[in-house]
Amino acid sequence: MKGYMGRLLRVNLTHEKATEEALDAQMLKDYIGGSGLGLRLMYNEVPPETDPLSPEAKIIITTGPVTSTPLGTAGRFQVCFKSPLTGILCDSSSGGHWGTQFKQSGYDVLILEGKASRPVYLYIHDNQVEIHPAEDWWGKDAYTTINELVKVVGDPKACVLSIGPAGEKGVLYAAMINDTGRTPGRGGNGAVMGSKNLKAIVVRGTQKVELANPDGYKKYAVSVNKLNAKSDDIYNLRTFGTPEVMDNNWAVGDIPVKNWSLGSYEELCVSLGGKKMRDTILVPHVACHFCTIGCSRWVKIEEGDYKMDAAGPEYETLGALGSMCMVDDLNAVSYAAHLCNIYGLDTISCGSSIAFAMECFEKGYLDLEDTGGIELTWGNKQALVKMVEQIAMGEGIGKFLGLGTRKMAEQIGRDAMDFAVQVKGLELPMHDPRAFFSWASNYATSPRGGCHLHGMSAIYENKQDPIPEWGLTGFYPRHSNEGKGKITRFAQDWSHILNSMVMCYFATFTLKPSDLGALIGFATGYEYTPEELVVIGDRINTLHRAYNYRCGLRRVDDRLPVRSLTPVAEGGAAGAVPDLEAQLNEYYQLRGLEADGRPARDTLLRLGLDDVVADLYA
Amino acid sequence: MKIILRPYGTLQRDLGGSRIEMNCPSGITFFQLCDLIDERWGKHLPPGLWSRASRRFAAQVIVMISGKELAVQQNPVLCDGQEILLLLPFAGG
């Protein structure tokens with residue numbers, strides 16, 4: 001089985017037992033690996049009615065055929081789980097080097113099930129699995145745990161995936177943290193891990209993956225790495241990181257300000273941008289596995305209240321904790337982001353929940369008695385930092401904010417749901433569907449909830465012939481609804497393939513579907529055609545959607561919040577509102593969905609999901 | 001009269017700054033400005049962002065004048081001191 005280790009590791013935490021299983025070759029062919037494989041296994045093993053925080057819940061961590069190869073960014077891994085925040089199936093992706101070490105330890109997949117009787121950590125190294133007590137680290141932050149466990153195992157190349165206090169306390173958007181500040185951020189996987197009394201997973205491996213055509217693979221991978229090293233498209237990403245989006249996108253109305261209520265605020269956004277970061281607090285930064293892009297940021301603040309020397313904030317974090325809350329102090333936002341990392345919190349959901357609470361405070365729905373005397377006013381950076389701490393620890397009003405915007409709005413009532421900007425319970429990322437209309441159908445239908453990484457659709461707008469090999473040709477202006485359902489469909493399929501190979505989005509801006517097929521072919525011996533890849537993307541999306549349908553989701557849940565469909569008065573998206581229904585009609589037709597959102601029987605059969613037919617049409 | 005170009009993204013590197021003042025004849029149109037841009041920078045602008053044949057920015061460059069996005073065939077007459085934003089929006093993580 002070339003390109004894979006061919007083995008699945010199953011760890012039952014209740015019985016503290018580890019077993020190995022062979023991977024099914026046909027399943028790998030049908031789903032490639034990564035999240036495709038993980039979602040298939042979740043569908044097979046976790047009934048939709050499972051409580052995400054119960055011992056019956058599972059976490060499935062996967063790598064793909066390009067993991068641990070000389071391809072840039074090929075150290076990523078996927079985490080599949082049922083989300084405690086949304087109640088539906090979720091898959092999240094993380095970078096760094098943990099994925100490489102895990103695969104080199106001898107496995108492609110790790111399934112975690114049950115619940116340990118006391119806090120434990122796993123140490124997986126070259127086909128050996130050890131389960132150790134973790135009481136000494138329970139309560140410690142993720143960075144401390146990571147650093148100490150590397151010392152405990154005595155191998156500086158070991159990588160650690162850990163939770164912080166937020167996961168231990170069951171904050172619904174708690175996140176696992178790996179390496180020096182990477183995270184499979186969304187959906188609350190940290191809470192699921194904490195519910196199993198699992199503090200950390202240490203991995204170290206020295207085994208090599210056998211590739212079908214190692215020379216061919218190396219040559220192709222090196223050419224991709226060189227292309228990314230020299231590409232004009234990537235230059236700014238390397239120089240300014242994703243924070244560059246703050247410098248640029250304010251002008252087109254893409255960056256949410258003041259809980260999505262303001263259309264543009266140049267000064268605020270630029271004060272949090274990549275240039276400001278480079279000119280003030282940025283220090284030489286680390287890159288992921290073999291990566292020639294190097295978008296990661298590392299910041300050092302030497303004095304004052306926000307002293308830190310750690311991974312810096314990305315664009316989404318700058319938006320969620322910065323512009324959404326009207327905080328224009330880059331040092332304060334960087335520090336708040338750092339706290340999210342050490343405590344283990346999804347920065348998008350955290351910042352969005354704080355911004356939502358600020359609006360509630362402004363409207364009088366929350367008062368000083370609720371907040372324990374903290375003035376939750378727009379731009380209050382002390383309050384921002386305090387809220388992150390309270391959320392992580394489940395203290396004061398932080399316990400309420402840790403529920404996420406949907407549950408908070410449900411409890412507050414009145415018109416709060418109108419400005420709880422989430423889809424299916426997942427807070428929207430920092431790109432505005434009023435600026436790029438394709439985000440509308442993308443957010444509404446993304447299978448894990450409002451998400452920009454299950455289809456980065458906006459990069460195909462305002463671009464001639466976005467994916468010719470998949471028939472996505474033509475020009476799609478950002479403020480037109482025509483063809484946006486089509487863009488969403490293909491953008492999602494592209495992301496499913498990347499998440500199944502497990503490869504970073506940024507490494508593929510210069511690539512075509514046939515390039516991805518070639519890489520998989522050199523690795524595994526089977527080269528998918530562009531047509532086969534789009535079928536796999538469709539299969540993965542449909543399977544995920546089918547699971548969510550069994551969780552109770554219907555077309556009515558493919559919606560956007562009221563705030564996202566209310567025009568803003570200023571900026572580059574002033575007055576513009578997408579026609580979600582028109583986009584959804586096109587999308588549903590392309591995906592082969594019935595009126596209520598269920599995948600049609602014909603669609604399931606065409607995609608080889610015969611078992612799902614029995615589940616949905618019993 | 002003065003027209004101010006405000007390029008973003010890699011265009012700042014290609015055009016040599018984030019705020020570029022150009023002295024232009026009074027009553028110049030946007031297309032005539034593009035002719036001047038081509039004369040001055042055409043050789044250095046990457047083909048993915050600028051067409052030397054048509055002397056226009058590529059479709060993915062969003063041009064905004066006075067806060068409004070310029071449609072592809074729009075050719076307004078420009079005013080003294082007007083700022084022209086040349087944007088390359090990007091989706092971040």
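I began with helix 13 (residues 330-343) of chain A, which lies across strand 13 and strand 14 of chain A and runs at about 65 degrees to strand 14 of chain A. Helices (H or I, at least four residues) and strands (E, at least two) are DSSP runs, numbered from the N terminus. Axes are lines fitted to C-alpha atoms, for helices over the stretch in contact (heavy atoms within 4.5 Å), and angles run from 0 to 180 degrees between N-to-C directions.

This is a predicted model, where local features need pLDDT of at least 70, side-chain atom pairs count only at pLDDT 80 or more, and totals for chains, interfaces and linings use all residues. Residues are numbered from 1 along each chain, chains are lettered from A and ligands numbered from 1 as written, and side-chain values use heavy atoms, without hydrogens and water.

Next I looked at the sheet. Strands 12-13-14 of chain A form an open, antiparallel sheet in that order, with strand 12 (282-283) and strand 14 (308-311) at the edges. Two bridges join strand 12 to strand 13 (residues 298-301) of chain A; DSSP must find at least two for strands to pair. A:Val283 has A:Trp298 as its bridge partner.

I then turned to chain B. Strand 1 (residues 2-7) of chain B pairs with strand 7 of chain B in the parallel sense over five bridges, and B:Ile4 stands opposite B:Glu83.
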